[in-house]
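Subject: Structure for you to look at

Hello,

Here is the structure I promised to pass on. Please open it first, then read the notes below it.

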Amino acid sequence: MKTPLPTALHKAIEHIQKFRLWTDEERELSMLQTLAEHPSPEEIWVFGYGSLIWRPEFNFQEDRLATLQGYHRSLCLWSSVNRGTPEQPGLVFGLDVGGTCQGKVYKLHDDNIHEQFRLLWKREMPSGAYIPKWIRCETMMGPITALAFVMDINSHAYVQGLTREETVDIVLNATGSCGPCPEYVLETANALAQASIKDENLFELAELIKQRIAKP
């Protein structure tokens with residue numbers, strides 16, 4: 001395996017050894033359980049903090065800027081499908097514990113909720129590394145409860161403690177079924193900037209990635 005992450009090498013190896021895709025049945029059960037736990041089923045909102053901001057891939061009636069307390073956006077999830085492979089995992093964003101996270105909430109149309117959620121689960125839950133939760137979000141029009149995909153910190157796919165250089169190296173060397181990992185990070189940074197959402201750590205990381213890509 002080609003890998004440039006000395007301090008997190010053991011975590012990468014553990015993830016590679018334990019990684020497996022969820023079955024259709026596992027995803028369906030998780031989706032149905034999550035829908036059943038919704039406290040107010042007449043309004044379905046989804047909180048986006050990464051690629052859902054620039055590529056939601058579902059129909060929605062309304063979107064708002066929103067703030068989630070108790071979590072922050074972090075490249076803390078090994079991606080062995082969407083933005084990497086089991087042999088060369090990339091990194092994608094998860095909601096890690098602590099701090100705050102600004103993003104967007106989307107109010108879904110009432111029709112075909114199950115079909116919309118199946119597509120969402122196929123994209124966000126290929127291996128069950130996230131925990132889907134209904135969480136209170138603050139918006140300029142008042143609080144709402146939205147579905148958020150929170151990082152499972154007990155998962156082998158969870159990684160922390162990477163230096164910025166290690167993170168950049170991992171991102172630059174990974175490509176998955178949805179495309180190159182650098183594209184994912186840069187598109188997210190661009191979408192946040194366009195939405196006037198501040199994330200200085202991500203913006204600085206994006207600049208480093210662009211500098212490395214531009215080097216001959």
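A residue is called buried when its relative accessible area is under 20%, exposed when over 50%, and partly exposed in between (1.4 Å probe, protein chains only). This is a predicted model, in which local features need pLDDT of at least 70 and side-chain atom pairs count only at pLDDT 80 or more, while totals for chains, interfaces and linings use all residues. Residues are numbered from 1 along each chain as its sequence is written, and side-chain values use heavy atoms, with hydrogens and water left out.

Aromatic rings

The whole structure holds 8 aromatic pairs. Rings of Phe, Tyr and Trp (its six-membered ring) pair if their centres lie within 6.5 Å; planes under 30 degrees apart are stacked, over 60 edge-to-face, the rest tilted.

Phenylalanine 58 sits in the loop between α3 (51-54) and β2, and tyrosine 106 in strand β3, so the pair ties together parts 48 residues apart in sequence. Helices (H or I, at least four residues) and strands (E, at least two) are DSSP runs, numbered from the N terminus. Phenylalanine 58 and tyrosine 106 are both buried.

Tryptophan 121 and phenylalanine 149 are also edge-to-face, with 5.3 Å between centres and 70 degrees between planes. Both of these residues, tryptophan 121 and phenylalanine 149, are buried.

Arginine 83

Arginine 83 lies in the loop between β2 (60-79) and β3 (90-108). Its relative accessibility is 3%, so arginine 83 counts as buried.

Regards
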